Amino acid sequence: MRPRKGTIGLILYLLLLLLPIYWMFNMSLRTNADILNEFALYPADPTFANYIKIFTDPAWYSGYINSITYVAMNVLISLSVALPAAYAFSRYRFLGDKHMFFWLLTNRMAPPAVFLLPFLQLYSTFGLIDTHIAVALAHTLFNVPLAVWILEGFMSGVPREIDETAYLDGYGFPRFFLTIFLPLIRSGIGVTAFFCFMFSWVELLLARTLTDTVANPIAATMTRAVGATGLDWGLLAAAGMLTIVPGALVIWFVRNYMAKGLALGRV
Amino acid sequence: MNKWQDNRAWFLVMPVFLIVAFSAIIPLMMVVDASVHDISGPGNRVFVGAEWFKEVLGDRRLHDALRRQLTFSGLVLLIEIPLGVAIALAMPRRGWGVSVTLLVLALPLLIPWNVIGTIWNLFTRPDIGLLGVLLNGLGIQFDPTAAPLDAWITVMLMDVWHWTPLVALLAYAGLRAIPDAYYLAARIDGASAWAVFRYIQLPKMRGVLMIAVLLRFMDSFVIYAEPFVLTGGGPGDSTTFLSTYLVKLAGGQSDLGPAAALALIYFLIALAVCFAFYRALQNVGSGDQR
């Protein structure tokens, strides 16, 4: 049916997609002197020195732990507030519901740069600067609206007769919601968690500004590659490669739901 | 499909309202406050009204940044949407190829944005980058750190590399929702590949493509980290977009007034576009799509 031309084009595209990542991988296995001296398509003499340096120096690897900590916090907060709200939007008509939904959407679209300064002032007032929770809270700005949006799509796919039957059977809202409804949309919850993870993991402008030393994300740590002798390209590449790993692992788990989740459940 | 009318649903929305209010309304009010005052020190603030707005709106560098921003976002949509659709059409519908393709496509989306900049810096540098060395080896002068055009090409390439997979995944989700019976009917009628695309696939993808356009416009409109790491907004100001300019403006001065005014204007532009898209999305949803 479909001509092979398309398949060949697709394979070529996927290879091109991987090329820049391969190049970084290539550099991460070479020493800085080697990179600067000689141009090579593959590491002739691969070394793990860059990776070993990152894993043995707390100043390096703490960046990864910090990032994972605030991302996990953010996913938990976003999901727990977004679940009931998404249920309300998918099931009920109430005063100002459309306006509320649009207002939420605008926050997903707000430029993070706009919020940079007020966040700094606000969080220092509350003594939250340089804590994981500050970054997790700041990231709710775009993740909570997104979570509501995706979950609402998935919930609207569940027929309301189920709710009605459960209420007739004498279930109260909390029991129905937790024991019947949530299990029904568990794939939607998984997909939402994935997207919250993704957007919190990749955002670094806010994460960097709101932290100093204790809760520093990887981004700030990566500037450490700039040493007294100039930039250590090999070390920078190794640090970059390591930031790809958590994402790749998560993708593997949600690969079958990913496309539908990206479409916000509205296909 | 009628929803139940019940204002008690507000109790369910309350947590979201509170948390987003804390991270959106309060900060926004602080920006509004800063934008109408001249603060030269603690306890020394003067109300200046629309002074900062006038200054910022008359700023030539803002006009340039806005022009570049719109060009960039327009090009992003023009390239990424058709390319994404083409990739989705070429993707296998079943078998192990699906998993592999999805995995590779999603990879760029999960890389932190500043690392995206680093990857492309490593890839295009004329001294150590694969692309840079190759092009220069072919006799084509290419140096994104010195030539504005090269910097633009690199930033565009980077964004297409980074975000086209998102469009492709969305379009793919739309395609998967088409029942096989449609294709069968088309084959019986002897429809050409173009007719299948135009009358079956494209209408079915309309909803997800609207989402793709919305997300791509908004995310490209607020882009910061990737070009900042790659070019630092240079050479000169040639790749300085709105966010880059805003952060530069806010960082360079002790007085937050102009930056706050710019932030508000920026936010309003984003809001206006967002509203237009939201209305369009609603119309798509109310059509024959479901």
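Select domain 1 and domain 2 of chain A: about 680 Å² is buried between them, 79% of it from carbon and sulfur atoms. Buried area here is the accessible area (1.4 Å probe) that two parts lose on being put together, summed over both. On the domain 1 side, colour A:Met24, A:Ser28 and A:Asn32; these lose the most area to domain 2, together 60% of what that side buries.

This is a predicted model, where local features need pLDDT of at least 70 and side-chain atom pairs count only at pLDDT 80 or more, while totals for chains, interfaces and linings use all residues. Residues are numbered from 1 along each chain as its sequence is written, chains are lettered from A in the order written, and side-chain values use heavy atoms, without hydrogens and water.

Now show both chains. 95 residues of chain B are in contact with 100 residues of chain A. The two bury about 8,900 Å², 80% of it on carbon and sulfur atoms. Pick B:Trp4, B:Leu12 and B:Leu110, which lose the most area in chain B, together 9% of what that side buries.

Look for salt bridges (a side-chain nitrogen of Lys or Arg within 4 Å of a carboxyl oxygen of Asp or Glu). Between chain B and chain A there are zero.

Terms used. Contact = heavy atoms within 4.5 Å.
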